[in-house]
Amino acid sequence: MIKPFNKNNYLELKVEKMTTTLELETNIKQLAIIGDKCPLIGISNYEKMSVSIWLFEHITTLVNHKEKARFTEKTSRSLIRVGQGVALAVEKFVTVGQTIAAENMEISDDMCEACEEARMAGSTIQRLTMIVPSKGNKTVTEKTAMVRSARQLLSAITRVLLLADKVIVKQLLVSKDKVLNALNDLDKVTSFTDFVNYFSKFGNDMVELAHLTGDRQNDLKSEKHRAQMGAARAILERSTSMLLPSCKTCLRHPDCGTAKRNRDCVFKQMRQALNMIHFIVTDGGCSQMNGHSSPITNGDSGIGLDNVHPSASKALKDLEEAVELTRVTGVSGQSCEKIHSALDSVIETAQDFTDSAYTSHDNREKIVQSCDQLRSDLQTVFEKSSSQNQNDLLSTQEAETAVLRTITSVNGLKKQLQETAMDQASELFKANEDHDLLKCLKLGGINGNVKKVDELSVKFEEHREQLEEVCKLFRHIATTEPLVITAEHNEYVLRNIGEMVLLAAKTLAEYSNSKIARENLENFAEAWESQINDLSVLVKEVNDFCQGRMDKPVYLSLPRPGKHGTSMRGPRPIKLDAEEQAKIAKLGLEMKLITSEMDAETDKWEEPDNDIVKRAKNMSSMAFSMYLFTRGEGPLKTTQDLFVQAEYFSEEGYKLYKICQEFVDRVPVCAHRDELLSYLEKIPPSCQQLHSTLKISTVGKAATFSKVDGAIQETKNLMNVIAKVVTTSFICATKYSIDYRRSPGGTRRWRTSYENRSSSDSESMHSSTQSDGLNRSSSSNRQFSSNNSLEKES
């Protein structure tokens with residue numbers, strides 16, 4: 001007997017199936033998002049994606065399959081394969097989770113429990129796929145069991161990902177604390193030898209932190225959080241290059257107050273950036289300062305972690321949405337209060353434009369008129385909405401017209417604010433006062449003219465305030481959170497670097513003959529000019545967004561790639577993706593830290609004009625220009641420029657090897673000599689490997705990026721060996737009193753205290769001025785470290 005069809009039961013069952021399937025798919029998508037946010041240690045992005053795809057596609061297939069009436073042998077085999085694939089993917093996932101548990105005892109129990117739950121759920125799903133469904137209600141039962149197992153699997157894997165994320169966060173915080181401790185050690189040093197040792201340790205810790213924070217930044221899904229992390233990393237990266245000269249200046253002139261304040265500013269900026277990284281990683285709401293918790297504001301970090309001061313763009317958007325809502329809800333007491341609150345916020349943010357000393361009178365008048373017009377139009381909206389019920393059709397049309405007129409006024413005010421900000425930026429960049437001010441400050445410091453430097457400091461501070469004002473206005477008109485954060489970051493960095501430039505100039509004016517003080521000022525001046533370039537990029541990006549010519553923000557914290565391609569048609573710009581940019585940025589930072597270490601080592605030589613120091617400094621200059629290429633800066637504009645620079649770098653390595661071989665022949669047999677020989681043996685293979693990498697022909701973006709990556713990696717490796725050679729050579733020269741001189745004919749002479757010094761005084765004091773191409777580096781004008789850093793000055 002056929003049972004009567006019950007429509008209500010059928011609809012309930014259908015709705016239940018749709019709800020269950022939709023809920024399951026939503027949970028799987030959420031799992032994929034969590035997997036991206038909480039990367040497992042040891043699992044690549046491809047493996048994470050594979051697990052998510054298996055779960056999303058195949059479990060959904062298994063759940064939906066049970067609705068089908070027909071069931072063939074082919075279908076059965078397909079289901080078995082799918083079940084086996086799910087179980088295999090889960091097993092692979094669980095294996096890595098158990099490895100993490102074994103290496104981290106604090107989460108071992110919870111991780112093992114979650115892994116076991118995931119394995120059991122995967123096994124259950126595999127077992128259910130091997131069951132042949134029968135007629136009757138058993139299909140519904142099997143579907144329910146499949147859904148239950150899938151939910152159990154999702155829950156277990158989510159726990160594994162969250163536990164693994166705790167490990168990642170812990171690693172990053174431990175690395176951050178290591179850098180902070182290294183900074184504290186550097187802050188306490190009183191001798192240059194101790195500084196070199198601590199700076200080397202600091203460099204290693206910084207590289208590790210750069211890797212971890214770079215990976216974390218790429219994993220973050222929130223555009224705001226990525227921009228915040230990028231800003232913190234940019235502060236650390238730029239401060240690292242300023243740390244070396246500022247500390248050297250303070251050590252060379254310990255009684256100079258401005259030199260100490262200059263160095264302390266760098267330390268303070270780096271500590272604040274480390275606090276920001278801690279804040280972002282832990283997603284906290286406050287930071288421990290002075291023994292108690294306090295909110296981190298824009299003035300503390302420049303990374304925009306608070307929302308105390310809304311931007312004009314956001315205030316106008318909130319007002320527009322509130323007015324739009326009156327079309328549906330009308331003007332009630334609650335909506336009226338909301339509109340008044342939004343209007344007050346708009347007027348408050350607009351006052352930053354009218355109160356600015358650099359806003360023209362014409363723009364100020366237009367802003368005031370636009371605000372008055374907006375108030376008048378809003379009052380019309382309130383009046384028309386309140387009288388809407390008296391005459392239904394007419395009042396509705398009048399209310400709609402009032403709303404449209406108000407929205408037009410909002411857009412007009414927004415456009416006027418954008419024009420005001422752009423006018424200020426255009427006038428500022430058109431004047432181009434930075435170059436002249438910096439040049440005059442350098443000249444005044446070199447001449448020891450303290451009064452002139454003080455006069456220029458007043459002008460420079462006024463110029464800096466104008467730049468900060470531009471950053472503030474562009475923060476107001478920025479339409480996305482990343483751009484708002486970038487504007488705040490620029491304002492913060494310009495304020496700090498501006499102060500440090502003036503302190504460096506005053507130090508040089510006090511010690512006008514100090515080459516270290518001069519180098520220090522040049523370093524901060526270049527940091528200032530680089531930040532001005534970043535500001536100009538921000539201005540262009542914000543303007544493009546306001547004009548609707550840009551779809552996605554470009555993070556200034558990530559390296560801006562050069563041009564790629566080596567075809568006969570000429571190089572063509574190709575944008576690297578985030579992963580490629582991060583990889584190049586890491587290598588570049590590693591290379592920069594090695595160059596800093598190299599400069600510190602060469603500065604210890606009492607005779608900076610010998611060939612070992614000259615070659616090493618030239619190679620350091622070349623490596624630094626290659627680092628600048630990873631940031632999209634410096635003299636190397638294309639990948640071909642980079643490859644040519646790397647080829648010169650390899651040639652310099654061979655020349656340094658020959659010079660050091662002559663030197664090692666004069667070193668007595670000892671442990672240091674053996675160590676130096678072991679390092680020297682690594683130079684020719686490293687040069688050959690770099691040369692082989694440069695000979696590879698490339699076609700296309702992928703091949704070009706691979707060659708760039710290889711060239712920078714091999715350059716970094718060779719630079720690391722050279723740094724060890726210079727260090728060991730200095731130890732040998734100091735311990736055994738080995739002195740380098742040249743004969744009048746240009747022949748090198750290595751003399752030790754054990755030799756009979758029979759040469760004439762004129763010959764021993766002769767120093768050849770011949771040069772054999774040491775200035776082939778395209779970045780020879782960029783001297784990262786002076787030749788004479790801590791020598792006694794007359």
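**Notebook: burial, salt bridges and a helix pair**

I began with burial over the whole protein chain, and found that buried residues (under 20% relative accessible area, with exposed meaning over 50% and partly exposed in between, for a 1.4 Å probe and protein chains only) make up 51% of its 794 residues. I note that this is a predicted model, in which local features need pLDDT of at least 70 and side-chain atom pairs count only at pLDDT 80 or more, while totals for chains, interfaces and linings use all residues. Residues are numbered from 1 along each chain as its sequence is written, and side-chain values use heavy atoms, with hydrogens and water left out.

I then looked up the secondary structure, and the protein chain has 24 helices and six strands, taken as DSSP runs numbered from the N terminus (H or I of at least four residues for helices, E of at least two for strands). For contacts (heavy atoms within 4.5 Å) between residues at least 6 apart in sequence, I read that 77% join residues at least 24 apart.

**Salt bridges**

I counted a salt bridge wherever a side-chain nitrogen of Lys or Arg lies within 4 Å of a carboxyl oxygen of Asp or Glu, and by this rule the count comes to 25.

I looked up Asp177 and Lys176, whose side chains form a salt bridge with N to O at 3.0 Å; Asp177 is partly exposed at 33% relative accessible area, whereas Lys176 is buried at 6%.

I went on to helix α12 (residues 361-386), where Asp362 and Lys366 lie four residues apart, about one turn of the helix, and form a salt bridge whose closest N and O atoms are 3.5 Å apart. Asp362 is partly exposed, with 45% relative accessibility, and Lys366 is partly exposed as well, with 34%.

**Arg263 and its network**

I noted a network of salt bridges that links Asp187, Lys260, Arg263, Asp264 and Arg271. Which helix holds Arg263? I located Arg263 in helix α8 (residues 257-282), and there it is buried, with a relative accessible area of 8%. Setting aside neighbours within four places in sequence, I listed Leu186, Asp187, Ser246, Cys247 and Cys250 as the residues in contact with Arg263.

**Helices α19 and α20**

I examined how helix α19 (residues 611-630) packs against helix α20 (residues 639-664), and read an angle of about 160 degrees with the axes 9 Å apart. The axes are lines fitted to C-alpha atoms over the stretch in contact, and angles run from 0 to 180 degrees between N-to-C directions. The two helices are therefore roughly antiparallel to each other, a label for angles over 145 degrees. In the contact of α19 with α20 I found 14 nonpolar, five polar and four charged residues, where Ala, Val, Leu, Ile, Met, Phe, Trp, Tyr, Cys and Pro count as nonpolar, Asp, Glu, Lys and Arg as charged, and the others, Gly among them, as polar.

**Val96**

The C-alpha atoms of Val96 and Cys115, 19 residues apart along the chain, are separated by 9.4 Å.

Technical notes. Parallel < 35°, antiparallel > 145°, perpendicular 65-115°, else oblique.
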